[in-house]
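Subject: Handing over the structure

Hi,

Here is the structure I promised to pass on.

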Amino acid sequence: MVTGRRRHRPARRAGGVRPAAEPWREAFGDLDEDALAETAAEARTFGTDPARAVDELVRGLLGQLIDWQAAIGELGHALAAAAQDRPLPDWAADVGRTEDVRRRQARTALLEAIARHHHGPLPDEEPGDRPW
């Protein structure tokens, strides 16, 4: 008999993976050099030091990356404990891998935003003239 409940979707439960990771995804979702430039411009408008404002933003985002990484580690420990020395179910391993990838993408976005903000455009990653 089919009940209305979906299987293998524990991330939607209260306190699950999706709600816990949502603040980090929101913080890094639209991050680029424009966000840093806007922070500097806003600081100038209010008569404060733009470099300090950007530094505070970046330090705050670095702290969020650290918190996100710790949360992923706690998730891994909780899933391993729940598995009781059995292999993780595929859905659980996928959730962990997905969060790892998203955190690394956020880290890369932050590093690229900092580099572009301070030094201008970055070279293209994949020139079209490669034979592979």
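Below is what I found in it, going from the whole chain to single residues.

First, a caveat: this is a predicted model. The protein chain has four helices and zero strands, so in sequence order you simply read α-α-α-α. The chain has 132 residues, and 23% of them are buried. If you take contacts with a separation of 6 or more, 64% are between residues 24 or more positions apart.

In soluble globular proteins, nonpolar side chains tend to be buried together. Here the largest nonpolar core has 14 residues, and F28, L31, L65, W68 and L110 have the most contacts inside it. Two or more residues each come from α1 (17-28), α2 (33-45), α3 (50-83) and α4 (90-119). Which helix gives the largest share of this core? That is α3, with six residues.

Leaving aside residues up to four places away in sequence, L65 touches F28, R103, A106, R107 and L110. Two of those names, F28 and L110, are also on the list of residues with the most contacts inside the core.

How the helices pack

Two packed helices are described by the angle between their axes and the distance between the axes. For α3 and α4, the angle is about 165° and the axes are 10 Å apart. An angle over 145 degrees counts as roughly antiparallel, so α3 is roughly antiparallel to α4. The crossing of α3 past α4 is left-handed.

On the α3 side, the residues that meet α4 are V54, V58, L61, L62, L65, W68, Q69, I72, L75 and L79. Facing them in α4 are A92, V95, E99, D100, R102, R103, A106, R107, L110, I114 and H117. By class, this contact has 14 nonpolar, two polar and five charged residues.

Now for α2 and α3: their axes come within 8 Å and cross at roughly 135°. That angle makes α2 oblique to α3, and α2 passes α3 in a right-handed crossing. From α2, the contact uses A35, L36, T39, A40, A43 and R44, while α3 brings in P50, A53, V54, L57 and V58. Sorted by class, the contact of α2 with α3 has nine nonpolar residues, one polar and one charged. Note that V54 and V58 of α3 turn up in this contact and also in the one with α4.

R116 is found in helix α4. Is R116 buried, exposed or partly exposed? Its relative accessibility is 29%, so R116 counts as partly exposed. Not counting residues up to four places away in sequence, R116 touches E33 and L122. The C-alpha atoms of R116 and L36 are separated by 9.6 Å, although the two residues are 80 residues apart along the chain.

Then look at the loop between α3 and α4, where you will find Q84 and D85. Neither is a glycine, yet Q84 has a positive phi of about 50° and D85 has one of about 65°. Q84 is exposed, because its relative accessible area is 55%, and D85 counts as exposed at 83% relative accessibility.

That's it from me. Over to you!

Notes:
Residues are numbered from 1 along each chain as its sequence is written. This is a predicted model: local features need pLDDT of at least 70, side-chain atom pairs count only at pLDDT 80 or more; totals for chains, interfaces and linings use all residues. Side-chain values use heavy atoms; hydrogens and water are left out. A nonpolar core is a set of buried Ala, Val, Leu, Ile, Met, Phe, Trp, Tyr and Cys residues joined through side-chain atoms within 4.5 Å. Buried means under 20% relative accessible area, exposed over 50%, partly exposed in between (1.4 Å probe, protein chains only). Contact means heavy atoms within 4.5 Å. Axes are lines fitted to C-alpha atoms, for helices over the stretch in contact, and angles run from 0 to 180 degrees between N-to-C directions. Angles under 35 degrees count as roughly parallel, over 145 as roughly antiparallel, 65 to 115 as roughly perpendicular and the rest as oblique. A crossing is left-handed if the near helix is turned anticlockwise from the far one by less than a right angle, and right-handed if clockwise. Ala, Val, Leu, Ile, Met, Phe, Trp, Tyr, Cys and Pro count as nonpolar, Asp, Glu, Lys and Arg as charged, and the others, Gly among them, as polar.
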